[in-house]
2 protein chains.
Amino acid sequence: MSILAVGSVALDSVETPFGHAERVIGGSAVFFSASASLLSDVSVVGVVGDDYPLDQLAFLKKRGVDLSAIQIESGESFSWVAKYHSDLSSRDTLETRLGVFGGFNPRIPKELQQSEYVFLGNIDPTLQHQVLDQVDSPTLVACDTMNYWIEGKRESLVDLLARVDIFMLNDEEARQLSEKTNLLQASRWIQERGPRVVVIKKGEHGAALFADDWVFFVPGFPLEQVFDPTGAGDAFAGGLLGYISKKNSTSVADLRRAVVYGSVLGSFAVQKFSIDGLRDLTESDIFRRVKQLNAMTTFEIDEGVEDFA
Amino acid sequence: MSILAVGSVALDSVETPFGHAERVIGGSAVFFSASASLLSDVSVVGVVGDDYPLDQLAFLKKRGVDLSAIQIESGESFSWVAKYHSDLSSRDTLETRLGVFGGFNPRIPKELQQSEYVFLGNIDPTLQHQVLDQVDSPTLVACDTMNYWIEGKRESLVDLLARVDIFMLNDEEARQLSEKTNLLQASRWIQERGPRVVVIKKGEHGAALFADDWVFFVPGFPLEQVFDPTGAGDAFAGGLLGYISKKNSTSVADLRRAVVYGSVLGSFAVQKFSIDGLRDLTESDIFRRVKQLNAMTTFEIDEGVEDFA
């Protein structure tokens, strides 16, 4: 199956304790597709200015990503400047220039309106609504967001939940949106407003998937060094939705594995600047980490214990 | 097998968003033994003042905990007053009165000097050394600590590492002790100084066990409501060491399960004030959560993926 991904296509300038990168390709749609395309077909809808180095997206095209619906407008591309703190778990945004992204009006081409799988990257919920207005009954809609929209576009975001199947956000955002400290309660609050599945991302601590009557946890893949956390959440979403699309299934077993693929792809993304950690990956690199995560989380229960319901 | 547990026996006054408790029984040795005794035999060495409500420890005695080596000194018992913040992940210590604990000089009775399993609760590393000086070649020494000792008794604590098999601490403490942000690097730093196994506790995010060439993660057992986090780490240690002692084994499979028992016992501890969450527990209550954690973390890898080494 193919995924329609709508999100930002940006130029990131990032400083971490280990180096800095200047105006490198980034944005939610770019990180998502660099990740998901390792598992599935992806078509990207986004907007860039006429200053965007589209040639740097060539490797995505080579991997089969359909970039034909990226609109090119005259003006500057969305750019973002940030500096991470020494522990990499927090950062200061030094500059955000929306450029042509400020007037982004996502247009879904006719041939993508029948998409089975839709990923709504972290953009204004009003635009996320607009995307869904243009798509005919997709099989599954996955959606990401951030604190900025929870604060500024709360009503539109809460309305959107009714149209979403898998809602993803980090733990702080889940608490902020639901106004509940407890994550079980927070995810239930979200589920009651629509999504069948809530995935809460917890950075180095991994992720938790909350469904009707079951929960699944996966740790973050342990790394000797995290180089640049930018895009980890979008790469996670790409692994998760890429796997679901590849299997064309949301069975319990596949959803569990999908979260594991999310964790694995997120771990590759943070090992280099920009999408470089996802650039030369092979299927076997991914499989190896999936297998390792399995070994890091598996335990057998003692005989007799299984009798306890 | 039986565990020798040395630690504080205290009176805690705790305020959480859900209520408050006044001078209730607590301390690392009390929480540890209330937890470990559900799985194994435990003997406690500690000190209390003549104001201590020893009758409130009666239920531990009934469960087979040997309290005969708790020294009673004239003076006041160790007491601690704290108030948790609304998210329960941080707290202010309002008062710490060492009382007779300030002059604690642990004496290990002859009959406990042959103990196979030793738990050094979170006390001054100098005292932890003193305990080990009095014990003949135990099979396994497990040790807990906290930021206070990392800051104030660093040298003694680092020396102690060479005498410890399983070292436990939380993620912030691991970073503080090793001066490494990355937890893989932090645990390796600790392992290089002695302990074969490092267990890093991560609160609601669970725990990670680092051994020679393998890592194991277990999530925190998800709870609708955490009532009082006091003692969670000691109850975790009790589950972990209680299981190891019960099985008399530190095989890879048993160490993995031991961490799971730690997580489960920790989860019961935080559901009520003091040790009340551990008081009326049955084996089947514990087994049920072990089984549930298994279901929350198990995933099958796809056919073919297992071929990737």
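## How the two copies meet

Of the interface residues of chain B, 100% are also interface residues in chain A, so the copies meet through the same surface. The contact takes 35 residues from chain B and 35 residues from chain A, where two residues are in contact if their C-beta atoms, placed from the backbone, lie within 7 Å. On the side of chain B that touches chain A, the elements giving two or more residues are helix H7 (183-191), strand S13 (215-218), helix H9 (252-269) and helix H11 (283-297) of chain B. H11(B) gives the most to that side, with eight residues. Helices (H or I, at least four residues) and strands (E, at least two) are DSSP runs, numbered from the N terminus.

The residues on this side of chain B divide into 15 nonpolar, ten polar and ten charged. Here Ala, Val, Leu, Ile, Met, Phe, Trp, Tyr, Cys and Pro count as nonpolar, Asp, Glu, Lys and Arg as charged, and the others, Gly among them, as polar.

## Model and confidence

This is a predicted model, in which local features need pLDDT of at least 70 and side-chain atom pairs count only at pLDDT 80 or more, while totals for chains, interfaces and linings use all residues. Residues are numbered from 1 along each chain as its sequence is written, and chains are lettered from A and ligands numbered from 1 in the order in which they are written.

Chain A averages a pLDDT (the predictor's confidence in each residue, from 0 to 100) of 95, and 99% of the residues score at least 70. For the complex, the predictor gives an ipTM of 0.94 and a pTM of 0.95.

## Symmetry

Chain B is superposed on chain A by a rotation of 180 degrees with 0.0 Å of shift along its axis (RMSD 0.0 Å). The two copies are thus related as by a two-fold rotation axis. The superposition is by least squares on the C-alpha atoms of residues with pLDDT of at least 70 in both copies.

## Chain A

Chain A has eleven helices and 13 strands.

## Helix H6 of chain A

The buried residues of helix H6 (residues 171-178) of chain A are A:Glu173, A:Ala174, A:Leu177 and A:Ser178. What covers them includes helix H4 (147-152), strand S10 (166-170), helix H7 (183-191) and strand S11 (197-201) of chain A. Just after H6(A), A:Glu179 takes a positive phi of about 55 degrees.

Key. Buried ≥ 20, exposed ≤ 12 C-beta atoms within 10 Å, placed from the backbone.
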